[in-house]
Amino acid sequence: SDTETSEKIQKSGVLQVFASLLTPQSSCTAKVANIIAEVARNEFMRNPCVDAGLIPPLVQLLNCKDQEVLLQTGRALGNICYDSHEGRNAVDHAGGAHIVVDHLRSLCSKTDPTSEKLLTVFCGMLMNYSNENDTLQSQLINMGVIPTLVKLLGIHCQNAALTEMCLVAFGNLAELESSKEQFAYTNIAEELVKLFKKQIEHDKKEMIFEVLAPLAENDVIKLQLVEAGLVECLLEIVQKTVDSDKEDDIAELKTASDLMVLLLLGDESMQKLFEGGKGNVFQRVLSWIPSNSHQLQLAGALAIANFARNDGNCIHMVDNGIVQKLMDLLDRHVEDGNVTVQHAALSALRNLAIPVVNKAKMLSAGVAEAVLKFLRSEMPPVQFKLLGTLRMLIDAQAEAAEQLGKNVKLVERLVEWCEAKDHAGVMGESNRLLSALIRHSKSKDVIRTIVQSGGIKHLVTMATSEHVIMQNEALVALALIAALELVTAEKDLENAQLVQILHRLLSDDRSAPEIKYNSMVLICALIGSEPLQKEVQSMAFLEVISKLCSHENKTVAQQASLTEQRLAVES
């Protein structure tokens, strides 16, 4: 494998001679394959091996019965495939992978040292063959290599070299969606957890983690891993590493807690671990939140956000004091806080605020005040969650909506974020919260605050959103403005060209029935203002509305008749 020697071999033209020596009959076949394997350890020699036509005869040798020839041939093909596009293509073309997969199947149950050595080499060859190549990975998956590799792992778990090869091969294949479906039909979860429990070395655990993470993205496998006892292993790692400042331990703590959060993303696995809020796992995760480790605080808050994915869990958690723990955590991160922890804690509070019965409890616990401390944040992910949390909290809570809607600092910040063109999520949530403050408070004071802060134009723009739900929220809020504070808002509505926008919405056949209905309700309210009434008259609304009188949706047709009468009277 010495570079200089390889160069001399290449220049001598002996590679071309090797092709004719690679025959089952020749007594030196194993030695020739061995030389090729050594030479191909040098990157610059892989293409010359392909060009010298060595791949077809090597692949033919895979049909040989001689164990030494098979071993050296497997090594040679594996090394030629390593990081070499040309090498992989040539092996693919010659049909090498098929033969190797067949060998793995037939040798799988043999535990003698020679067979295990062969299995290790063949696993390594397939690994190099398919590494970072989706097409070849799919090919191996279609050949059914996954159940064979899982079986191998179970039978040969005492053989470190072979186990390692299996793990790397799994790591290669597990990224593909189609592989996860196949893995789900094997006992991979059980085998990996069994293997994991035996590991002492950090590197070995890390290897298993690298397979577990992509596999745990599949909901069926998530549940299998939970049932196989992975969670207990992860909790143990957290306990052992939480106070350590060794680099390996910090990495292990992060991987274990991240994986724990991933397992909670599956509905079934999450409910199994929640156990009605009495589960040991749920209690342990709760204890992470007050921890001093940022990583555990983050994982704890994310885990709570995942547990809070159904109303029953949310109600139970709020009744059992989880809100205070999350507010204390947020409090620790107000100043130069950790953005990921802020984001996770706000996500958890937002999810907990979804059930109707939780809103008033969370408001009286002071959640709105705790969240408002982050108004200064310049971080879009935090801004986004902060807005979503407030919007959930004030849903149908008139008093809270009024209180927040009169908060000038909040409203001014919302108006500023309504212009955050680089962050569509923040922009959308700001608009929705502005509208929600009006819709839930129905308060003149709130409307005046929003008018004074320049929020009207954003609500008018929101009425043109591509999302029907947002359009509708905007129209309902604008109708309330027109009904309660038309004089105050008149100028801004005129400048924002609301009347033209309504004309467009009513003329457009693609507008949803509720959009047409609320646009007409708004028109009826706007004609109470002289300048706006003039605009309505100048735009031939009657024509558009009389067409809607025969609309297939009864509510739209009725509202069209009423609106037509109103407009006829006014004109």
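This tour of a predicted model visits a pair of helices and then a pocket.

**Stop one: two helices**

Select residues 160-174, which form helix 12, and residues 202-215, which form helix 15. The axes of these two helices come within 9 Å, and their crossing angle is roughly 30°. Angles under 35 degrees count as roughly parallel, so helix 12 and helix 15 are described as roughly parallel to each other. The crossing of helix 12 past helix 15 is left-handed.

Now show side chains where the two helices meet. On helix 12, pick Glu164, Leu167, Val168, Phe170, Gly171 and Ala174. Their counterparts on helix 15 are Lys204, Met207, Ile208, Val211, Pro214 and Leu215. Colour this set by residue class: the contact of helix 12 with helix 15 divides into 9 nonpolar residues, 1 polar and 2 charged.

**Stop two: the largest pocket**

Move on to the largest pocket, which holds about 440 Å³ of space. To centre the view, select Met427, Gly428, Asn431, Ser465 and Met470, the closest to the pocket centre among the 20 residues that line it.

Which elements give two or more residues to this lining? Select 424-441 for helix 30 and 456-462 for helix 32. Helix 30 gives the most, with 7 residues.

Finally, colour the pocket lining by class. Its residues comprise 6 nonpolar, 8 polar and 6 charged.

Methods: Residues are numbered from 1 along each chain as its sequence is written. This is a predicted model: local features need pLDDT of at least 70, side-chain atom pairs count only at pLDDT 80 or more; totals for chains, interfaces and linings use all residues. Side-chain values use heavy atoms; hydrogens and water are left out. On a 1 Å grid over the protein atoms alone, a cavity is a set of points where a 1.4 Å probe fits but cannot get out, and a pocket is an open set with protein on both sides within 12 Å along at least five of seven lines; lining residues have an atom within 4 Å of a point. Grid points are joined across faces, edges and corners, and a volume is the space filled by probe spheres set on the points. Helices (H or I, at least four residues) and strands (E, at least two) are DSSP runs, numbered from the N terminus. Ala, Val, Leu, Ile, Met, Phe, Trp, Tyr, Cys and Pro count as nonpolar, Asp, Glu, Lys and Arg as charged, and the others, Gly among them, as polar. Axes are lines fitted to C-alpha atoms, for helices over the stretch in contact, and angles run from 0 to 180 degrees between N-to-C directions. Angles under 35 degrees count as roughly parallel, over 145 as roughly antiparallel, 65 to 115 as roughly perpendicular and the rest as oblique. A crossing is left-handed if the near helix is turned anticlockwise from the far one by less than a right angle, and right-handed if clockwise. Contact means heavy atoms within 4.5 Å.
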